[in-house]
Amino acid sequence: MSAKRKEHVYSKRLDSAFLAVYNGYTFFLRFFREAFKGRMEFQELVKQCYAIGYKSLLLIGLTGFITGMVFTKQSRPSLAEFGATSWLPSLVAIAIVRALAALVTALISAGKVGSSIGAELGSMRVTEQIDAMEVSAVNPFKFLVVTRVLACTITIPILMFYCTMVSLMGAFLNVTLNEGTSFIAFFENAFEQITFLDIFTSVAKAVAYGFTIGIVGCYQGYNASKGTEGVGKAANSSVVISMFLIFIEEVIIVQVSNYFRV
Amino acid sequence: MAETNNTQEPVIDIRGLYKSFGDLHVLRGVDLKVEKGENVVVLGRSGTGKSVLIKIIVGLLSQDRGDVKVLGQEVSTLNEKELRDLRLKIGFSFQNSALYDSMTVRENLEFPLVRNVKNLTRSEIDQQVEGVLDAVGLSQTINQVPSELSGGQRKRIGIARTLILQPEIMLYDEPTAGLDPITCLEINELINEVKEKYHTTSIIITHDLTCARATGDKIAMLLDGRFLRQGTFEEVFNTDEERIKSFYDYNFIQ
(Lines give C-alpha, C1' and ligand atoms only; values in the text may rest on other atoms or scores of the structure.)
Protein backbone atom coordinates (compact mmCIF):
# COMPACT_ATOMS: atom_id res chain seq x y z
CA MET A 1 0.00 0.00 0.00
CA SER A 2 1.43 3.38 -0.98
CA ALA A 3 2.23 5.95 1.69
CA LYS A 4 -0.12 8.90 1.94
CA ARG A 5 1.20 11.79 -0.18
CA LYS A 6 2.50 14.73 1.86
CA GLU A 7 0.44 17.68 0.67
CA HIS A 8 2.24 20.58 2.35
CA VAL A 9 5.83 21.41 3.23
CA TYR A 10 4.95 23.01 6.60
CA SER A 11 1.23 23.58 6.93
CA LYS A 12 -1.37 24.72 4.43
CA ARG A 13 -1.53 28.26 5.83
CA LEU A 14 2.22 28.68 6.22
CA ASP A 15 2.87 27.32 2.73
CA SER A 16 0.38 29.71 1.16
CA ALA A 17 1.82 32.63 3.17
CA PHE A 18 5.34 31.87 1.86
CA LEU A 19 3.98 31.45 -1.64
CA ALA A 20 2.14 34.78 -1.43
CA VAL A 21 5.34 36.56 -0.32
CA TYR A 22 7.32 34.91 -3.13
CA ASN A 23 4.68 35.78 -5.74
CA GLY A 24 4.52 39.36 -4.46
CA TYR A 25 8.29 39.63 -4.69
CA THR A 26 8.40 38.35 -8.30
CA PHE A 27 5.55 40.73 -9.22
CA PHE A 28 7.54 43.60 -7.66
CA LEU A 29 10.68 42.64 -9.66
CA ARG A 30 8.63 42.25 -12.82
CA PHE A 31 7.37 45.81 -12.42
CA PHE A 32 10.92 47.19 -12.61
CA ARG A 33 11.79 44.90 -15.52
CA GLU A 34 8.74 45.95 -17.52
CA ALA A 35 8.86 49.64 -16.54
CA PHE A 36 12.17 50.18 -18.29
CA LYS A 37 11.47 47.96 -21.27
CA GLY A 38 9.82 49.04 -24.52
CA ARG A 39 7.48 51.91 -25.20
CA MET A 40 5.74 53.63 -22.29
CA GLU A 41 1.93 53.81 -22.47
CA PHE A 42 1.86 57.58 -21.91
CA GLN A 43 -1.78 58.06 -22.81
CA GLU A 44 -2.87 55.44 -20.28
CA LEU A 45 -0.48 56.91 -17.70
CA VAL A 46 -2.03 60.37 -18.08
CA LYS A 47 -5.53 58.85 -17.92
CA GLN A 48 -4.66 57.05 -14.70
CA CYS A 49 -3.04 60.15 -13.19
CA TYR A 50 -6.28 62.00 -13.88
CA ALA A 51 -8.42 59.18 -12.44
CA ILE A 52 -6.26 58.73 -9.35
CA GLY A 53 -5.26 62.32 -8.74
CA TYR A 54 -7.92 64.70 -9.94
CA LYS A 55 -10.84 62.55 -8.85
CA SER A 56 -9.47 62.25 -5.30
CA LEU A 57 -9.09 66.00 -4.80
CA LEU A 58 -12.45 66.57 -3.14
CA LEU A 59 -12.23 63.70 -0.67
CA ILE A 60 -8.63 64.36 0.31
CA GLY A 61 -9.26 68.10 0.47
CA LEU A 62 -12.25 67.67 2.76
CA THR A 63 -10.49 65.17 5.02
CA GLY A 64 -7.32 67.28 5.14
CA PHE A 65 -9.24 70.46 5.97
CA ILE A 66 -11.15 68.79 8.82
CA THR A 67 -7.97 67.10 10.10
CA GLY A 68 -6.13 70.44 10.25
CA MET A 69 -9.02 72.22 11.91
CA VAL A 70 -9.79 69.50 14.48
CA PHE A 71 -6.13 68.90 15.32
CA THR A 72 -5.69 72.62 15.99
CA LYS A 73 -8.84 72.77 18.10
CA GLN A 74 -7.82 69.72 20.16
CA SER A 75 -4.24 70.95 20.68
CA ARG A 76 -5.22 74.41 21.92
CA PRO A 77 -6.23 73.51 25.51
CA SER A 78 -2.91 71.74 26.21
CA LEU A 79 -0.88 74.68 24.90
CA ALA A 80 -3.15 77.16 26.67
CA GLU A 81 -2.28 75.54 30.01
CA PHE A 82 1.31 76.72 29.49
CA GLY A 83 0.27 80.01 27.92
CA ALA A 84 1.81 78.84 24.66
CA THR A 85 -1.08 79.20 22.18
CA SER A 86 1.21 81.33 20.02
CA TRP A 87 3.10 78.11 19.24
CA LEU A 88 -0.04 76.58 17.79
CA PRO A 89 0.80 77.27 14.11
CA SER A 90 4.27 75.73 14.50
CA LEU A 91 2.96 72.70 16.35
CA VAL A 92 0.21 72.08 13.83
CA ALA A 93 2.55 72.58 10.85
CA ILE A 94 5.09 70.12 12.26
CA ALA A 95 2.38 67.53 12.89
CA ILE A 96 0.86 68.00 9.43
CA VAL A 97 4.12 68.07 7.45
CA ARG A 98 5.91 65.34 9.38
CA ALA A 99 3.05 62.89 9.80
CA LEU A 100 -0.57 63.77 9.21
CA ALA A 101 -0.68 64.89 5.58
CA ALA A 102 1.20 61.89 4.21
CA LEU A 103 -0.73 59.43 6.35
CA VAL A 104 -4.15 60.94 5.69
CA THR A 105 -3.46 61.05 1.94
CA ALA A 106 -2.13 57.49 1.94
CA LEU A 107 -4.96 56.01 3.97
CA ILE A 108 -7.66 57.77 1.96
CA SER A 109 -5.95 56.74 -1.28
CA ALA A 110 -5.54 53.14 -0.11
CA GLY A 111 -9.28 53.01 0.43
CA LYS A 112 -10.34 54.88 -2.68
CA VAL A 113 -7.64 54.21 -5.26
CA GLY A 114 -6.30 50.84 -4.03
CA SER A 115 -9.72 49.22 -3.92
CA SER A 116 -10.64 50.67 -7.30
CA ILE A 117 -7.45 49.34 -8.94
CA GLY A 118 -7.93 45.94 -7.29
CA ALA A 119 -11.55 45.71 -8.40
CA GLU A 120 -10.90 46.98 -11.93
CA LEU A 121 -8.00 44.65 -12.68
CA GLY A 122 -9.72 41.80 -10.86
CA SER A 123 -12.80 42.18 -12.99
CA MET A 124 -10.64 42.39 -16.13
CA ARG A 125 -8.91 39.16 -15.06
CA VAL A 126 -12.07 37.17 -14.40
CA THR A 127 -13.76 38.37 -17.61
CA GLU A 128 -10.66 37.33 -19.59
CA GLN A 129 -9.89 40.90 -20.74
CA ILE A 130 -6.29 40.50 -19.55
CA ASP A 131 -6.00 37.21 -21.46
CA ALA A 132 -7.45 38.98 -24.50
CA MET A 133 -4.65 41.55 -24.35
CA GLU A 134 -2.08 38.81 -24.03
CA VAL A 135 -3.32 36.82 -27.02
CA SER A 136 -3.43 39.96 -29.15
CA ALA A 137 0.33 40.29 -28.56
CA VAL A 138 -0.05 43.28 -26.23
CA ASN A 139 1.77 43.19 -22.90
CA PRO A 140 -1.03 43.61 -20.30
CA PHE A 141 1.45 44.08 -17.47
CA LYS A 142 2.98 47.09 -19.19
CA PHE A 143 -0.38 48.56 -20.13
CA LEU A 144 -2.25 47.94 -16.89
CA VAL A 145 0.22 47.51 -14.06
CA VAL A 146 3.14 49.78 -14.95
CA THR A 147 0.88 52.72 -15.76
CA ARG A 148 -1.21 52.40 -12.59
CA VAL A 149 1.75 51.95 -10.26
CA LEU A 150 3.56 54.91 -11.82
CA ALA A 151 0.39 57.02 -11.70
CA CYS A 152 0.02 56.30 -7.97
CA THR A 153 3.71 57.01 -7.34
CA ILE A 154 3.46 60.35 -9.16
CA THR A 155 0.07 61.59 -8.00
CA ILE A 156 0.05 60.63 -4.33
CA PRO A 157 3.00 62.96 -3.47
CA ILE A 158 1.11 65.74 -5.30
CA LEU A 159 -2.05 64.89 -3.38
CA MET A 160 0.00 64.86 -0.19
CA PHE A 161 1.26 68.38 -0.95
CA TYR A 162 -2.32 69.48 -1.63
CA CYS A 163 -3.48 67.83 1.60
CA THR A 164 -0.74 69.68 3.52
CA MET A 165 -1.91 73.02 2.16
CA VAL A 166 -5.59 72.36 2.77
CA SER A 167 -4.88 71.06 6.30
CA LEU A 168 -2.92 74.21 7.07
CA MET A 169 -5.83 76.26 5.76
CA GLY A 170 -8.12 74.37 8.13
CA ALA A 171 -5.71 75.07 10.97
CA PHE A 172 -5.46 78.74 9.95
CA LEU A 173 -9.24 79.10 9.94
CA ASN A 174 -9.43 77.77 13.48
CA VAL A 175 -6.52 79.91 14.69
CA THR A 176 -7.75 83.10 13.05
CA LEU A 177 -11.26 82.62 14.46
CA ASN A 178 -9.90 82.13 17.96
CA GLU A 179 -6.73 84.20 18.15
CA GLY A 180 -7.34 86.59 15.26
CA THR A 181 -3.95 85.74 13.74
CA SER A 182 -3.38 87.12 10.25
CA PHE A 183 -2.74 84.87 7.22
CA ILE A 184 0.89 85.97 6.84
CA ALA A 185 1.67 85.73 10.56
CA PHE A 186 0.17 82.24 10.72
CA PHE A 187 2.21 80.89 7.82
CA GLU A 188 5.43 82.62 8.92
CA ASN A 189 5.03 81.03 12.33
CA ALA A 190 3.97 77.68 10.85
CA PHE A 191 7.00 77.28 8.59
CA GLU A 192 9.51 78.55 11.16
CA GLN A 193 10.16 75.08 12.51
CA ILE A 194 9.88 73.16 9.22
CA THR A 195 13.22 71.99 7.86
CA PHE A 196 14.34 70.59 4.51
CA LEU A 197 14.58 67.15 6.13
CA ASP A 198 10.90 67.36 7.12
CA ILE A 199 9.83 68.14 3.57
CA PHE A 200 12.18 65.58 2.03
CA THR A 201 10.98 62.85 4.41
CA SER A 202 7.39 63.75 3.77
CA VAL A 203 7.83 63.51 -0.02
CA ALA A 204 9.80 60.25 0.34
CA LYS A 205 6.98 58.80 2.44
CA ALA A 206 4.35 59.85 -0.09
CA VAL A 207 6.35 58.27 -2.93
CA ALA A 208 6.71 55.02 -0.97
CA TYR A 209 3.02 55.00 -0.02
CA GLY A 210 1.95 55.74 -3.58
CA PHE A 211 4.08 52.94 -4.95
CA THR A 212 2.77 50.57 -2.28
CA ILE A 213 -0.89 51.38 -2.99
CA GLY A 214 -0.35 50.94 -6.73
CA ILE A 215 1.64 47.72 -6.62
CA VAL A 216 -0.56 46.05 -3.99
CA GLY A 217 -3.79 46.98 -5.82
CA CYS A 218 -2.38 45.79 -9.14
CA TYR A 219 -1.01 42.55 -7.65
CA GLN A 220 -4.32 41.68 -6.02
CA GLY A 221 -6.36 42.53 -9.11
CA TYR A 222 -3.98 41.01 -11.65
CA ASN A 223 -3.97 37.70 -9.78
CA ALA A 224 -7.68 37.61 -8.95
CA SER A 225 -9.55 34.37 -9.52
CA LYS A 226 -12.86 32.69 -8.71
CA GLY A 227 -15.25 35.11 -10.43
CA THR A 228 -17.04 37.93 -8.68
CA GLU A 229 -16.01 36.64 -5.26
CA GLY A 230 -12.40 37.02 -6.38
CA VAL A 231 -13.02 40.61 -7.51
CA GLY A 232 -14.44 41.55 -4.09
CA LYS A 233 -11.56 39.81 -2.37
CA ALA A 234 -9.02 41.61 -4.57
CA ALA A 235 -10.55 45.00 -3.75
CA ASN A 236 -10.71 44.23 -0.05
CA SER A 237 -7.22 42.82 0.30
CA SER A 238 -5.77 45.71 -1.73
CA VAL A 239 -6.95 48.08 1.02
CA VAL A 240 -6.04 45.90 3.99
CA ILE A 241 -2.56 44.91 2.77
CA SER A 242 -1.58 48.36 1.54
CA MET A 243 -2.68 49.97 4.84
CA PHE A 244 -0.68 47.39 6.76
CA LEU A 245 2.41 48.04 4.61
CA ILE A 246 1.93 51.82 4.88
CA PHE A 247 2.09 51.63 8.70
CA ILE A 248 5.25 49.51 8.54
CA GLU A 249 6.84 51.97 6.08
CA GLU A 250 5.82 54.89 8.32
CA VAL A 251 7.64 53.38 11.28
CA ILE A 252 10.77 52.60 9.22
CA ILE A 253 10.94 56.01 7.51
CA VAL A 254 10.41 57.88 10.78
CA GLN A 255 13.23 55.87 12.40
CA VAL A 256 15.56 56.57 9.49
CA SER A 257 14.70 60.29 9.30
CA ASN A 258 15.16 60.70 13.07
CA TYR A 259 18.64 59.27 12.68
CA PHE A 260 19.50 62.23 10.44
CA ARG A 261 17.79 64.78 12.67
CA VAL A 262 20.23 66.81 14.73
CA MET B 1 5.15 25.45 -59.21
CA ALA B 2 4.95 24.62 -55.52
CA GLU B 3 3.47 21.34 -54.35
CA THR B 4 -0.08 21.31 -53.03
CA ASN B 5 -1.22 21.20 -49.37
CA ASN B 6 -0.69 17.44 -49.10
CA THR B 7 3.06 17.88 -48.58
CA GLN B 8 2.73 20.89 -46.28
CA GLU B 9 3.21 20.68 -42.55
CA PRO B 10 -0.09 20.93 -40.62
CA VAL B 11 -0.84 24.42 -39.32
CA ILE B 12 -1.53 22.97 -35.88
CA ASP B 13 -0.04 19.63 -34.86
CA ILE B 14 -0.79 18.30 -31.39
CA ARG B 15 0.63 14.98 -30.16
CA GLY B 16 0.15 13.21 -26.85
CA LEU B 17 -1.09 16.29 -25.00
CA TYR B 18 -1.70 15.96 -21.26
CA LYS B 19 -2.97 18.62 -18.88
CA SER B 20 -4.14 18.34 -15.28
CA PHE B 21 -5.31 20.81 -12.66
CA GLY B 22 -4.38 19.19 -9.35
CA ASP B 23 -6.13 15.85 -9.28
CA LEU B 24 -8.37 16.75 -12.21
CA HIS B 25 -6.93 15.18 -15.36
CA VAL B 26 -8.46 17.22 -18.14
CA LEU B 27 -6.54 16.23 -21.25
CA ARG B 28 -5.20 12.70 -21.39
CA GLY B 29 -3.34 12.12 -24.61
CA VAL B 30 -4.89 14.46 -27.18
CA ASP B 31 -3.72 14.16 -30.81
CA LEU B 32 -4.94 16.61 -33.44
CA LYS B 33 -3.79 17.82 -36.84
CA VAL B 34 -5.29 20.91 -38.46
CA GLU B 35 -4.40 21.48 -42.11
CA LYS B 36 -4.20 24.87 -43.80
CA GLY B 37 -7.57 26.39 -44.61
CA GLU B 38 -9.44 23.81 -42.56
CA ASN B 39 -12.18 24.51 -40.01
CA VAL B 40 -11.93 21.93 -37.24
CA VAL B 41 -14.73 21.78 -34.69
CA VAL B 42 -13.88 20.39 -31.26
CA LEU B 43 -17.03 19.01 -29.67
CA GLY B 44 -17.46 17.87 -26.12
CA ARG B 45 -19.40 18.31 -22.93
CA SER B 46 -18.78 21.28 -20.65
CA GLY B 47 -15.70 20.83 -18.49
CA THR B 48 -14.00 18.32 -20.78
CA GLY B 49 -11.05 20.61 -21.51
CA LYS B 50 -12.00 22.06 -24.89
CA SER B 51 -11.11 25.62 -23.90
CA VAL B 52 -7.98 24.38 -22.13
CA LEU B 53 -6.86 22.90 -25.46
CA ILE B 54 -7.01 26.20 -27.35
CA LYS B 55 -5.50 28.11 -24.44
CA ILE B 56 -2.51 25.77 -24.65
CA ILE B 57 -2.32 26.38 -28.41
CA VAL B 58 -2.07 30.13 -27.87
CA GLY B 59 0.31 29.82 -24.91
CA LEU B 60 -2.06 31.05 -22.20
CA LEU B 61 -1.66 27.72 -20.41
CA SER B 62 1.22 25.30 -20.56
CA GLN B 63 0.88 21.57 -21.03
CA ASP B 64 2.10 18.94 -18.58
CA ARG B 65 3.27 16.66 -21.36
CA GLY B 66 3.09 16.40 -25.15
CA ASP B 67 3.93 18.47 -28.22
CA VAL B 68 1.96 21.44 -29.53
CA LYS B 69 3.29 22.77 -32.81
CA VAL B 70 1.68 25.86 -34.32
CA LEU B 71 2.91 27.01 -37.74
CA GLY B 72 5.89 24.71 -37.26
CA GLN B 73 6.89 26.14 -33.88
CA GLU B 74 6.72 24.24 -30.58
CA VAL B 75 4.72 26.66 -28.40
CA SER B 76 6.15 25.60 -25.02
CA THR B 77 9.74 26.34 -26.11
CA LEU B 78 9.13 29.86 -27.44
CA ASN B 79 10.61 32.85 -25.64
CA GLU B 80 8.56 35.97 -24.89
CA LYS B 81 9.25 37.67 -28.23
CA GLU B 82 8.72 34.53 -30.30
CA LEU B 83 5.44 33.86 -28.52
CA ARG B 84 4.31 37.43 -29.18
CA ASP B 85 5.19 37.07 -32.88
CA LEU B 86 3.26 33.81 -33.04
CA ARG B 87 0.24 35.35 -31.31
CA LEU B 88 0.13 38.01 -34.02
CA LYS B 89 -0.79 35.22 -36.39
CA ILE B 90 -3.49 33.79 -34.14
CA GLY B 91 -6.91 35.32 -33.50
CA PHE B 92 -8.70 34.21 -30.33
CA SER B 93 -12.41 34.81 -29.93
CA PHE B 94 -13.34 34.42 -26.26
CA GLN B 95 -16.50 32.78 -24.98
CA ASN B 96 -17.67 35.98 -23.30
CA SER B 97 -16.09 38.18 -26.00
CA ALA B 98 -13.68 39.76 -23.47
CA LEU B 99 -14.19 43.24 -24.90
CA TYR B 100 -12.42 45.99 -22.95
CA ASP B 101 -15.42 47.49 -21.22
CA SER B 102 -13.80 50.85 -20.47
CA MET B 103 -13.24 51.47 -24.19
CA THR B 104 -15.54 52.16 -27.12
CA VAL B 105 -15.81 49.71 -30.01
CA ARG B 106 -13.38 51.86 -32.01
CA GLU B 107 -10.84 51.86 -29.17
CA ASN B 108 -11.26 48.11 -28.72
CA LEU B 109 -10.42 47.54 -32.37
CA GLU B 110 -7.57 50.03 -32.45
CA PHE B 111 -6.00 48.62 -29.30
CA PRO B 112 -4.12 45.65 -30.80
CA LEU B 113 -3.57 47.41 -34.12
CA VAL B 114 -1.70 50.51 -32.93
CA ARG B 115 0.45 48.46 -30.55
CA ASN B 116 1.51 45.88 -33.08
CA VAL B 117 1.70 47.73 -36.39
CA LYS B 118 4.11 50.64 -36.34
CA ASN B 119 3.82 53.99 -38.14
CA LEU B 120 0.17 53.84 -39.09
CA THR B 121 -1.46 57.15 -39.95
CA ARG B 122 -4.80 58.13 -38.44
CA SER B 123 -6.58 57.54 -41.74
CA GLU B 124 -5.01 54.08 -42.13
CA ILE B 125 -6.15 53.12 -38.63
CA ASP B 126 -9.67 54.40 -39.34
CA GLN B 127 -9.74 52.56 -42.65
CA GLN B 128 -8.78 49.23 -41.04
CA VAL B 129 -11.20 49.68 -38.13
CA GLU B 130 -14.05 50.48 -40.52
CA GLY B 131 -12.99 47.57 -42.74
CA VAL B 132 -13.28 44.90 -40.05
CA LEU B 133 -16.44 46.43 -38.63
CA ASP B 134 -17.93 46.28 -42.09
CA ALA B 135 -16.80 42.65 -42.40
CA VAL B 136 -18.78 41.72 -39.28
CA GLY B 137 -21.70 43.96 -40.30
CA LEU B 138 -21.59 46.34 -37.34
CA SER B 139 -20.33 49.65 -38.73
CA GLN B 140 -23.02 51.56 -36.82
CA THR B 141 -21.65 50.51 -33.39
CA ILE B 142 -18.26 52.21 -33.79
CA ASN B 143 -18.76 54.75 -31.03
CA GLN B 144 -20.73 52.54 -28.64
CA VAL B 145 -19.31 50.94 -25.50
CA PRO B 146 -19.56 47.16 -24.94
CA SER B 147 -22.29 47.50 -22.30
CA GLU B 148 -24.59 48.98 -24.98
CA LEU B 149 -24.19 45.95 -27.28
CA SER B 150 -26.20 42.73 -27.41
CA GLY B 151 -24.57 39.33 -26.86
CA GLY B 152 -24.40 38.64 -30.61
CA GLN B 153 -22.96 42.07 -31.34
CA ARG B 154 -20.30 41.58 -28.65
CA LYS B 155 -19.32 38.27 -30.24
CA ARG B 156 -19.01 39.93 -33.64
CA ILE B 157 -16.93 42.81 -32.29
CA GLY B 158 -14.72 40.27 -30.48
CA ILE B 159 -14.16 38.51 -33.80
CA ALA B 160 -13.54 41.85 -35.55
CA ARG B 161 -10.92 42.74 -32.94
CA THR B 162 -8.99 39.58 -33.79
CA LEU B 163 -9.41 40.06 -37.55
CA ILE B 164 -7.82 43.50 -37.49
CA LEU B 165 -4.39 41.87 -37.23
CA GLN B 166 -5.26 39.57 -40.17
CA PRO B 167 -4.47 36.30 -38.41
CA GLU B 168 -3.67 33.04 -40.18
CA ILE B 169 -5.37 30.99 -37.48
CA MET B 170 -8.67 31.66 -35.72
CA LEU B 171 -9.58 30.01 -32.43
CA TYR B 172 -13.25 30.36 -31.49
CA ASP B 173 -14.21 29.51 -27.91
CA GLU B 174 -17.93 28.67 -27.79
CA PRO B 175 -18.90 31.23 -30.47
CA THR B 176 -22.64 30.54 -30.18
CA ALA B 177 -22.95 30.01 -26.42
CA GLY B 178 -25.79 31.98 -24.86
CA LEU B 179 -27.17 33.32 -28.16
CA ASP B 180 -30.62 32.93 -29.68
CA PRO B 181 -30.95 30.51 -32.64
CA ILE B 182 -31.10 33.25 -35.30
CA THR B 183 -28.00 34.99 -33.95
CA CYS B 184 -26.29 31.56 -33.78
CA LEU B 185 -26.95 31.11 -37.51
CA GLU B 186 -25.53 34.58 -38.19
CA ILE B 187 -22.39 33.76 -36.19
CA ASN B 188 -22.01 30.46 -38.07
CA GLU B 189 -22.25 32.39 -41.35
CA LEU B 190 -19.70 34.89 -40.08
CA ILE B 191 -17.24 32.11 -39.20
CA ASN B 192 -17.55 30.75 -42.74
CA GLU B 193 -17.23 34.25 -44.23
CA VAL B 194 -14.07 34.85 -42.21
CA LYS B 195 -12.61 31.63 -43.55
CA GLU B 196 -13.41 32.63 -47.14
CA LYS B 197 -12.39 36.26 -46.91
CA TYR B 198 -9.31 36.04 -44.68
CA HIS B 199 -8.23 32.48 -45.68
CA THR B 200 -7.92 31.43 -42.06
CA THR B 201 -7.44 28.01 -40.52
CA SER B 202 -9.75 27.62 -37.53
CA ILE B 203 -10.52 25.60 -34.46
CA ILE B 204 -14.06 26.08 -33.21
CA ILE B 205 -14.81 24.93 -29.69
CA THR B 206 -18.50 24.26 -29.17
CA HIS B 207 -21.15 21.88 -27.95
CA ASP B 208 -23.66 23.23 -30.45
CA LEU B 209 -24.08 20.64 -33.20
CA THR B 210 -25.80 23.10 -35.54
CA CYS B 211 -22.72 25.28 -35.35
CA ALA B 212 -20.49 22.21 -35.78
CA ARG B 213 -22.34 21.04 -38.89
CA ALA B 214 -22.48 24.53 -40.42
CA THR B 215 -18.85 25.49 -39.87
CA GLY B 216 -16.76 22.34 -39.51
CA ASP B 217 -14.80 20.65 -42.29
CA LYS B 218 -13.71 18.17 -39.67
CA ILE B 219 -15.22 17.30 -36.29
CA ALA B 220 -13.22 16.02 -33.32
CA MET B 221 -15.19 14.58 -30.42
CA LEU B 222 -13.47 15.08 -27.06
CA LEU B 223 -14.46 12.53 -24.44
CA ASP B 224 -12.56 11.38 -21.35
CA GLY B 225 -9.65 13.70 -22.10
CA ARG B 226 -8.92 12.46 -25.62
CA PHE B 227 -10.47 12.56 -29.07
CA LEU B 228 -12.78 9.58 -29.34
CA ARG B 229 -13.63 10.17 -32.98
CA GLN B 230 -12.43 12.52 -35.73
CA GLY B 231 -13.79 12.99 -39.24
CA THR B 232 -16.63 14.64 -41.07
CA PHE B 233 -19.86 15.32 -39.20
CA GLU B 234 -21.47 12.18 -40.66
CA GLU B 235 -18.44 10.02 -39.92
CA VAL B 236 -18.36 11.11 -36.28
CA PHE B 237 -22.05 10.67 -35.58
CA ASN B 238 -22.59 7.50 -37.60
CA THR B 239 -21.73 5.34 -34.60
CA ASP B 240 -23.23 3.13 -31.92
CA GLU B 241 -21.15 4.75 -29.16
CA GLU B 242 -23.80 5.62 -26.60
CA ARG B 243 -22.34 8.91 -25.39
CA ILE B 244 -21.90 10.28 -28.90
CA LYS B 245 -25.42 9.23 -29.82
CA SER B 246 -26.90 10.93 -26.76
CA PHE B 247 -24.96 14.09 -27.61
CA TYR B 248 -26.52 14.03 -31.08
CA ASP B 249 -29.99 13.13 -29.83
CA TYR B 250 -30.08 15.99 -27.36
CA ASN B 251 -29.16 18.56 -30.00
CA PHE B 252 -31.40 17.36 -32.81
CA ILE B 253 -34.33 15.45 -31.35
CA GLN B 254 -35.38 17.08 -28.11
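Close-up 1. The model is predicted: local features need pLDDT of at least 70 and side-chain atom pairs count only at pLDDT 80 or more, while totals for chains, interfaces and linings use all residues. Residues are numbered from 1 along each chain as its sequence is written, and chains are lettered from A and ligands numbered from 1 in the order in which they are written.

**Close-up 2. Surroundings of B:Val42.** Neighbours within four places in sequence left aside, B:Val42 is in contact (C-beta atoms, placed from the backbone, within 7 Å) with B:Lys50, B:Leu53, B:Ile203, B:Ile205, B:Ala220 and B:Leu222. In β8(B), the residue opposite B:Val42 is B:Ile205. Strands β3 (residues 39-43) and β8 (residues 201-206) of chain B run parallel and are joined by five bridges. Strands are DSSP runs of E with at least two residues, helices are runs of H or I with at least four, and both are numbered from the N terminus; two strands pair if DSSP finds at least two bridges between them.

**Close-up 3. The six-stranded sheet of chain B.** This open sheet has the order β6-β7-β8-β3-β9-β10, with mixed pairing. Its edge strands, β6 (90-93) and β10 (226-231), each pair on one side only. Neighbouring strands are turned by 15 degrees against each other on average, direction ignored. Helix α6 (residues 181-198) of chain B packs on the sheet, touching β3, β7 (169-173) and β8, and its direction makes about 165 degrees with that of β8(B). Axes are lines fitted to C-alpha atoms, for helices over the stretch in contact, and angles run from 0 to 180 degrees between N-to-C directions.

**Close-up 4. B:Tyr18 and the pairing of β1(B).** B:Tyr18 stands opposite B:Arg28 in β2(B) and opposite B:Arg65 in β4(B). Eight bridges join β1 (residues 12-21) to β2 (residues 24-34) of chain B, which run antiparallel. These two strands form a hairpin with two residues between them, and B:Gly22 in the turn has a positive phi of about 65 degrees. Five bridges join β1(B) to β4 (residues 65-70) of chain B, also antiparallel.

Methods: Contact = placed C-beta atoms within 7 Å.
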